[in-house]
Amino acid sequence: MPLDNSLNADIQYSLSLHCAITAFLDNNDERKFSMRTPLTIVQGIGRIYGKEGNVPSSKRIMQDCDLALCAFGVVYDHGGRMVLALENRSGHQNYAAGRNTKG
């Protein structure tokens, strides 16, 4: 299952924490995490995501999959239409006028 918004948010949060924790390190230190450029962001995410035991954890992935399966059932019960209670998310959202309003 590909990463969705929740799991991506976990990785972004973890990268932010890694950047804050390693902020005191010299810029040339290989242990430092940075969001200075797109390349350092990609490298940081690769270091976090690519190792066993880092985010997202297996438990977090299973939690997200369970929520998705539950949501599929609710949408099915509503005849495939949009269910307003399922779109409750915090954070940045890109709202476009008239998009996805009819279900």
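In the predicted model, Arg31 and Asp29 are joined by a salt bridge, in which the closest N and O atoms are 2.8 Å apart. The structure holds one salt bridge. Side chains of opposite charge can pair when their charged atoms come close. The two partners can also be described by their accessibility. Arg31 has a relative accessible area of 52% and is therefore classed as exposed, the threshold for that class being over 50%. Asp29, with a relative accessible area of 21%, is partly exposed.

A polar atom of the Ser34 side chain lies 3.0 Å from the backbone nitrogen of Arg36. When neighbours within four places in sequence are left aside, the residues in contact with Ser34 are Cys19, Thr40 and Ile41.

With regard to overall architecture, the protein chain comprises three helices and zero strands, and its pattern along the sequence reads α-α-α. Of the contacts between residues at least 6 apart in sequence, 41% link residues at least 24 apart.

Accessibility was also computed for the chain as a whole. The protein chain contains 103 residues, of which 19% are buried.

Methods
Residues are numbered from 1 along each chain as its sequence is written. This is a predicted model: local features need pLDDT of at least 70, side-chain atom pairs count only at pLDDT 80 or more; totals for chains, interfaces and linings use all residues. Side-chain values use heavy atoms; hydrogens and water are left out. Helices (H or I, at least four residues) and strands (E, at least two) are DSSP runs, numbered from the N terminus. Buried means under 20% relative accessible area, exposed over 50%, partly exposed in between (1.4 Å probe, protein chains only). Contact means heavy atoms within 4.5 Å. A salt bridge is a side-chain nitrogen of Lys or Arg within 4 Å of a carboxyl oxygen of Asp or Glu. A polar contact is a pair of N or O atoms within 3.5 Å; within protein, one must be able to donate a hydrogen and the other to accept it, and residues adjacent in sequence count only if both atoms are side-chain atoms.
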